[in-house]
Amino acid sequence: MKFSEVPYTRPNLEDTLAAYDKLIAAAQNAACDTALLEVFDDYQALNATLETAATLASIRHTINTNDSFYEAENDFFDEAGPVISDKKLALYGAFLKSAYVKALDEKYGAFLRQKMELDVKSASPEIIALMQQENAMETQYQKLYASAKIPFEGKICTVPQMSLYKQSPDRAVRKAAYEAEGKFFDDNREALDTLYDKLVKNRTAQAKALGFESYTPLGYIRMKRMGYSRADVESYRKQVVESVVPFVCGLKRAAAERIGVTDFKFYDDIFRFKDGNAAPEGTPEEILAAGKKMYQELSPETAAFIEEMFAGDLFDVLSKAGKAPGGYCTYIPALKMPFIFSNFN
C-alpha cells in the first residue's frame, strides 16, 4: 500500500478515554502475570491505532501546512494529545503498581518499565491545558516558518531552498542570500519573539507545577535521557569547549585561507572551496535511485526493506512551498514501516 492510500480516521476522543479507563481498571485488577500481560497487549493494540492516526495527520500536515483538512486534524491532536497522554500515564502507573509488574520485565526487559517510571514524572492532569497551549504554539511556529516566500534572483524560495545560494562561489551572492533570508525573520521578528517568550514561560510553568525548579530536568525526562545525567552532559559540553572548539577554529582558519578571504564572515561559514562546494550529481530522482541501489547491494535484508520503502512512497524529501521545516524519521504502526521527511534542496 502506498502512503497516499493509507486511510485516515480521526479517533473518537470520548471512546478512546473510555478504552483507557477500561485498561486501567483491568491492570489494577489483574490477578496474575498472564492477566497483566494481556492488558499490556490490549494497550499496545489501542496505542498502535492511535499512533497511526496521529502520525498520519502529522506527516500529511508537515508535507503541506496549507492543507486545511490536515491542519484541522493536527489541531485536534494538539488538543487531544495531552488528554490521551494523561490517561496513558495513568495506565503506566497502574502497571507499575501491579504486584505482577515483573512479568513485563521478563517478557520485554527492564528498560520498558524504566521508561514508564520516567514518563509518569512528566505530566499530571493539572498541566493538560498548558501542554495543549504548548502544542498549539509549536504548530503556529512551524506554519509561520513554512510560510516563507523569499524573493531572490527572480525566484520565490522557501528557507531550505535558499541553501543553494548561501553556498555560491560568488561571495556577494552568499551575502545577499543571507540578507534576503534574514529579512523574512526580521519581518516576523515580533511574532517569533512572542512565541519564544510564551513557550519559555509555558514550559517553566509546567515544570514548576510538577515540582521542578526549572524546565531543564523536565526536558531531560521528556527526551527520555536515561543512563546519563545532567552532570554528564555538562562535562561533555566542557570537553567540547576545551577540545573541539579550538580544533574547529583551526578548520575555519584553513577554510578562510583556502577560499581566499582575510575577513571571514558569517556568510562564508559553510563555503568550503574556492571553486565551489561539492555538489550532488544527477537529478533528485537519480540520487534517490543511487541510494536505493546502495541498500540493494548491502544485503538481502536491506534490499527487501528499501524495495518496500520505495513501493510505499514512504519518502517526502524535496523542498517545496508550504512544507514544514526540518527533517525527521517516524514510524507508522499500521504499516510497520518508517516514513522519512526532509527538505533536501
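Visitor: Is Lys 143 buried, partly exposed or exposed?
Guide: First, a heads-up: this is a predicted model, where local features need pLDDT of at least 70, side-chain atom pairs count only at pLDDT 80 or more, and totals for chains, interfaces and linings use all residues. Residues are numbered from 1 along each chain as its sequence is written, and side-chain values use heavy atoms, with hydrogens and water left out. Buried means under 20% relative accessible area, exposed over 50%, and partly exposed in between, using a 1.4 Å probe and protein chains only. Lys 143 comes out at 27% relative accessibility, so the label is partly exposed.

Visitor: Which residue forms a salt bridge with Lys 143?
Guide: A salt bridge here is a side-chain nitrogen of Lys or Arg within 4 Å of a carboxyl oxygen of Asp or Glu. For Lys 143, the closest N and O atoms of the pair are 3.8 Å apart, and the partner is Glu 71.

Visitor: How many residues apart in sequence are the parts that Glu 71 and Lys 143 tie together?
Guide: Helices (H or I, at least four residues) and strands (E, at least two) are DSSP runs, numbered from the N terminus. Glu 71 sits in helix 3 (residues 68-97) and Lys 143 in helix 6 (residues 128-146), so the parts they tie together are separated in sequence by 72 residues.

Visitor: What is the N to O distance in the salt bridge of Glu 134 and Arg 203?
Guide: In this pair, the two side chains meet at an N to O distance of 2.7 Å. The link joins distant parts of the chain, with Glu 134 in helix 6 and Arg 203 in helix 8 (residues 189-209). Glu 134 is buried at 7%, whereas Arg 203 is partly exposed at 23%. So, back to the distance you wanted: 2.7 Å.

Visitor: Where does Glu 213, the salt-bridge partner of Arg 230, lie?
Guide: The side chains of Arg 230 and Glu 213 meet at 3.8 Å, N to O. Arg 230 is partly exposed at 37%, while Glu 213 is exposed at 54%. Arg 230 belongs to helix 10, and Glu 213 to the loop between helix 8 and helix 9.

Visitor: How many salt bridges does a search of the whole structure find?
Guide: We've looked at a few pairs, including Glu 71 with Lys 143. Searching the whole structure gives a total of 26.

Visitor: How many disulfides does the structure hold?
Guide: A disulfide needs a pair of cysteine sulfur atoms within 2.5 Å. Looking at two cysteines, Cys 157 is buried at 4%, and Cys 249 is partly exposed at 35%. The disulfide count is zero.

Visitor: Which element gives the most to the lining of the largest pocket?
Guide: Among the elements giving two or more residues to the lining are helix 3, helix 5 (110-119) and strand 4 (328-332). The top contributor, with twelve residues, is helix 2.

Visitor: What is phi of Glu 153 near?
Guide: Glu 153 is in the loop between strand 1 (150-152) and strand 2 (155-157), and counts as exposed at 53%. Its phi is positive, in a residue other than glycine, and is near 50°.
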